[in-house]
Each structure stands twice: as C-alpha cells, then as structure tokens.
Amino acid sequence: MGKEKYVAYVSTYTSGNKSNYGIRIYDVDVESGRFTEKDQVEITNSSYVSISHNRKYLFSITDFGVESYRILPDGELEEISHASINGMRGCYLSTDYEDKLLFVAGYHDAKVTVLRVDENGVIGEITDEIFHKGLGSIAERNFRPHINCVKMTRDNRFLCAADLGMDHVVVYEVNHKNGRLRQVDIIRSEQESAPRHLKFSQDGKFLYVVHELKNYIDVYTYSVDSHQMPVFEKIQNISTLNNYHAGGSAASALNFSEDFKYICSSNAGDNSVVIFSIDHETGMLTKLLCLPISGDYPKDAALFPDNRHLVSLNHETDSMTFFNVDMEAGTLVMNGKEMKVNQPNCIIFYQLPQ
C-alpha cells in the first residue's frame, strides 16, 4: 500500500442529538482497518457530503441549503461558503466533472437544483430548478416524486436523477454555459422498485443503479448515438440479498472500492452488506458475499482503500462497525468494537496529498 495517508469524512444528522457537529473527520489506519476521531465540524443535519473532482473541496447538504469547505493538507475542513437551494433540505449533491456546477437532489420537494461553483469553491447563484411531477397522491411514498440521487455521466454531458418515488431515472442534457437542464431521456425501473443511488464505472461505459424497495442493482451500458443522445441498455439485474431472504428489507448504499474492482451495497432490515466483483470488460457483477453488519439500518458501507477492511454506518444503532474482509473466502469478520456516532448517513475516504 505504500505510505498513503487517508482521512474519512462521515456526515450525520444533528436534530434530536443535541449536537451541532454534523460532519466528523477521522484518521484512517488502513493497516488495522480502524478510525481515530480527528475533528468535528459544526453543521446542521449533514445528510450527504461529496468531494469535488479536483479533490480540493468538500460540499455538504445542510438545513440552510449547501455549504462548501476547503480540504486542508491534513484533511481538516475550512468553511468557504454557503448558499440557499430555495427549497426543502436536500438529500444528495454532486458536481459536474469540471467542478463548475453543483447539483442537489430534493427528496421532499422532488426538485433538482443547479448552482454555480467558482474555481475557489465558492457556491454561487442558482442556474436552474426542475420539479419532478407525480401521478397525484395515491400513496405518500409511491407514485410521488422523490429525487434521491443526481450524478453526471463521466463524459460530463448528461445528468442522471434517480427518482425513487416515480421508479425511474430522468436524464438531462446539461448546458454548461448557462447551467440549465433539458430532459432528453428516462430510464424506467419496475414499479415500486425505488431507484435510490447510481454510479458510473470508471471508464464511464456502465451505469449501476441500486433499488431500495426491490433490493437489486440494475446494470446498464451507456453510449451516445449519432444524434448525440444518450443510450442506456440494461444488461444485468442482480439481488443485493441472499437467495433465501424474506421480505421487509431496503437497499441503501452504493460504493465502489478505490480501485473500482468491487462495488458494495447495504440492506436495512436484513442488516447486511453485500460485495460484488466487477468485470471491467462486460460491466457485469458477481456476488462475493452478503453478510450481517452487527448494527441496525446500515445506511452506508464502504471498503477501505486496501479492500481488506470494511466499515458499516448503522443509522439506527448510532454506530460504525468494522470488519476484516476476505474476498477469496467470502468472509466478513468483526474487527474490534463498534464506534459510536449519532445517525450516520454517508462516508467518504479521502487520500491526503503526499
């Protein structure tokens, strides 16, 4: 592994916890597969954090909209700016591949918000706001739009917005000059499957979408046709659960390993984590293991950079649990005792500059 040093950023909810610190920073011991708390950042209800593609800035959701931070050489965070998203609190955010636009997903108000970001990480004005429309209020969750994830294609042309209420991913062409979106496609999932998170492969040719209510990942090829329009074709559907599992489970996480050889997801209810290997030629997934994580509601789970350790963020038990992973044997073994952290939402490993 060499001498690479890492920190981990964990976003948490603060309401009800009587804590003002919504982001926690940990020093990562890759060898032992454990964290040591380094610092806490004062922010309300950090439901999601994201790092810019140039690795200089961290963006977070907060009750007031969005905030940006400069990542210091030791991994500490220094606040740069905050901006309103002119709506209800978001649940996910990401930048385009030039880090000039910031996209925010609105679960509660079903809104995609686009904001400018300057080269110093300062969040600027809103350039577009799009509300997803639903089928009326048949039920609170199903058939009402809830945007849960927004992610650019790696060629930086199209924004994909996963709408788990409407069971589809809406694809927008991004105008990088004016920061506006134009709908060009829709990727339909099964009814009541609830597409929750999406990720593109490292080469950008494959799209992975995890579905919360039906506990599976759909794999698509991505290409651009002669009319410069996106083309998505489904090539695989694979369960995030073991075959014998009963109902009442919800898939949550979707994270690549640092080397893009593996992808992991988590199942609330079943309280398990699942790891797949990725065939880089075909994009297809092979399930290596699906095992319990000793906590309740694993909202996020991630492999350490060495692929030999794993951490699970257990939202309902206010804990992080750590495991040794053996991909060949398909085993997860508890690694030390749990760490307490209130209502953790998501985790990012960050390699410090040498």
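In the predicted model, Phe-35 and Phe-349 are both buried. The structure holds 12 aromatic pairs, and Phe-35 and Phe-349 form one of them, with ring centres 5.9 Å apart and planes at 65°. This geometry is edge-to-face, because planes over 60 degrees apart are placed in that class. Phe-35 belongs to strand β3 (residues 34-42) and Phe-349 to strand β30 (residues 344-351), so their contact ties together parts that are 314 residues apart in sequence.

Phe-349 also pairs with Phe-304. Here the ring centres are 5.0 Å apart and the planes meet at 55°, so this pair is tilted. Phe-304 is located in the loop between β25 (298-303) and β26 (309-314), whereas Phe-349 is in strand β30; the pair thus links distant parts of the chain, 45 residues apart. Phe-304 is buried, as is Phe-349. A single aromatic cluster is formed by Tyr-26, Phe-35, Phe-304, Phe-322 and Phe-349. One member of this cluster, Phe-322, has the charged end of Arg-34 over its ring, 4.4 Å from the ring centre.

An open sheet of four strands was also identified, in the order β16-β17-β18-β19 and with antiparallel pairing. Its edge strands, each pairing on one side only, are β16 (195-200) and β19 (230-239). From one strand to the next, the twist averages 25°. In general, strands of a sheet pair through backbone hydrogen bonds, in either a parallel or an antiparallel manner. Within this sheet, β17 and β18 run antiparallel and are joined by six bridges. Leu-207 stands opposite Tyr-220, a residue of β18.

The loop between β17 (206-211) and β18 (216-224) contains Asn-215. Although Asn-215 is not a glycine, its phi is positive, at about 50°. Most residues other than glycine have a negative phi. Asn-215 has a relative accessible area of 7% and is therefore buried, as the limit for this class is under 20%.

A positive phi is found at Asp-99 as well, which is not a glycine and has a value of about 60°. Asp-99 is placed in the loop between β8 (92-95) and β9 (101-105). With a relative accessible area of 9%, Asp-99 is buried.

Methods
Residues numbered from 1 in each chain as written. Predicted model: local features only at pLDDT ≥ 70, side-chain atom pairs only at ≥ 80, totals over all residues. Heavy atoms only, no water. Helix = DSSP H or I, 4+ residues; strand = E, 2+ residues; numbered from the N terminus. Buried < 20%, exposed > 50% of the residue type's maximum accessible area, 1.4 Å probe, protein only. Pairing = 2+ DSSP bridges. Axes fitted to C-alpha atoms, helices over the stretch in contact; angles between N-to-C directions. Phe/Tyr/Trp six-rings, centres within 6.5 Å; stacked < 30°, edge-to-face > 60°. Lys NZ or Arg CZ within 6 Å of the ring centre and 35° of its normal.
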